[in-house]
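Here is a short tour for your next look at the fold. Have the viewer open and follow along, topic by topic.

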Amino acid sequence: MSDSMRDPREEFRDEPLPSQEQDQPGSTEETEPEPDHGETEYVGHDRLRGRHALITGGDSGIGRAVAIAFAREGADVAIAHLPDEQGDADDTLEAVRREGRTAVSIAGDLRDEQFATDVVSRTREGLGGLDILVLNAAFQHDIDDFGELRTDDIRSVFETNLLGTMVTARAAYPDLEPSASIIVTSSIQAFQPSPGLIDYAMTKAALVAFVKALAEEAGPRGIRVNTVAPGPVWTPLIPATGWSAEKLKSFGRDTPLGRPAQPSELAGAYVYLASDEATTYVSGAVLPVTGGKAL
């Protein structure tokens with residue numbers, strides 16, 4: 001096998017994930033092992049030169065990996081995140097700026113309609129435009145028994161994953177130009193829902209419907225709308241979900257490739273969907289990055 005060829009079973013393979021627990025929303029520094037966001041290996045090819053991107057949930061995990069990749073592809077990047085995530089956000093901003101790109105941090109809670117609306121105008125002011133909207137922010141929590149599911153937790157999941165996503169998209173939509181791209185983070189949970197993530201899975205299934213419907217309306221305006229459906233990905237959200245040590249130990253081991261993904265392994269999917277070079281005819285699509293699990 002050539003030195004340039006990499007066995008996907010062995011990439012990032014490590015011992016079973018150690019027992020750990022975090023409070024929501026989770027911190028990269030406290031996540032063991034620390035997720036890989038492509039800091040050392042992602043190589044850009046100017047696919048997004050001159051573009052302006054807003055990434056919600058861009059402080060850590062998939063959002064940070066996408067921010068780094070976009071910057072290395074030539075885009076300026078704004079990230080929206082919770083105030084408690086400012087430490088992670090600062091690290092993401094530093095990574096973007098190292099590529100010579102403009103980076104903007106916008107702290108707030110997307111469950112707040114005013115913030116979810118204002119984040120768009122603040123991005124345009126900070127970057128000078130908005131061409132790529134990545135709606136990635138999400139909340140999940142483990143449920144032991146459906147009968148004990150708390151209404152407040154349902155609201156947090158629905159308002160973050162659905163309301164925040166739709167309000168931000170609604171605010172951006174009227175002024176998007178032809179060639180703009182909207183990319184939503186769905187999940188394999190939309191197609192293979194787990195009982196312990198029932199409310200989260202519901203929102204991710206709804207986001208697939210949202211993408212398909214909006215792609216139909218946006219197409220005549222030259223705006224593409226797509227979604228990435230990740231499988232198990234090692235991010236700070238995972239140890240903050242409330243899973244047992246045994247569940248963490250086996251996280252992602254049930255995929256055909258036998259391991260969870262690292263955030264860096266998702267970044268290329270978002271670059272592909274954002275890039276005119278690669279995808280001027282892809283819209284309304286669900287792009288799975290699942291380690292071989294079927295949707």
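This is a predicted model: local features need pLDDT of at least 70, side-chain atom pairs count only at pLDDT 80 or more; totals for chains, interfaces and linings use all residues.

- Seven strands form an open sheet in the order β3-β2-β1-β4-β5-β6-β7, and their pairing is parallel.
- At the edges you will find β3 (103-107) and β7 (286-289); each has a single partner strand, so one side of each is left without a neighbour in the sheet.
- From one strand to the next, the twist averages 15°.
- β6 (residues 224-230) pairs with β7 in the parallel sense over 4 bridges, and T227 stands opposite V286 in β7.

**A helix on the sheet**
- Helix α1 (residues 61-72) packs on the sheet, where it touches β1 (52-56), β2 (76-81), β4 (132-135) and β6.
- The direction of α1 makes about 170° with that of β1.

**The α4 and α5 pair**
- Helices α4 (residues 151-172) and α5 (residues 198-218) pack at an angle of about 15°, with axes 9 Å apart.
- Angles under 35 degrees count as roughly parallel, and α4 and α5 are therefore roughly parallel to each other.
- The crossing of α4 past α5 is right-handed.
- Residues making this contact include I154, V157, F158 and L162 of α4, and Y200, M202, A206 and F210 of α5.
- By class, the contact of α4 with α5 has 11 nonpolar, 3 polar and 2 charged residues.

**A buried helix**
- In helix α7 (residues 264-274), 8 of the 11 residues are buried, so α7 is largely enclosed by the rest of the structure.
- Among the buried residues of α7 are L266, Y270, V271 and L273, along with S264.

Technical notes
Residues are numbered from 1 along each chain as its sequence is written. Side-chain values use heavy atoms; hydrogens and water are left out. Axes are lines fitted to C-alpha atoms, for helices over the stretch in contact, and angles run from 0 to 180 degrees between N-to-C directions. Helices (H or I, at least four residues) and strands (E, at least two) are DSSP runs, numbered from the N terminus. Angles under 35 degrees count as roughly parallel, over 145 as roughly antiparallel, 65 to 115 as roughly perpendicular and the rest as oblique. A crossing is left-handed if the near helix is turned anticlockwise from the far one by less than a right angle, and right-handed if clockwise. Contact means heavy atoms within 4.5 Å. Ala, Val, Leu, Ile, Met, Phe, Trp, Tyr, Cys and Pro count as nonpolar, Asp, Glu, Lys and Arg as charged, and the others, Gly among them, as polar. Buried means under 20% relative accessible area, exposed over 50%, partly exposed in between (1.4 Å probe, protein chains only). Two strands pair if DSSP finds at least two bridges between them.
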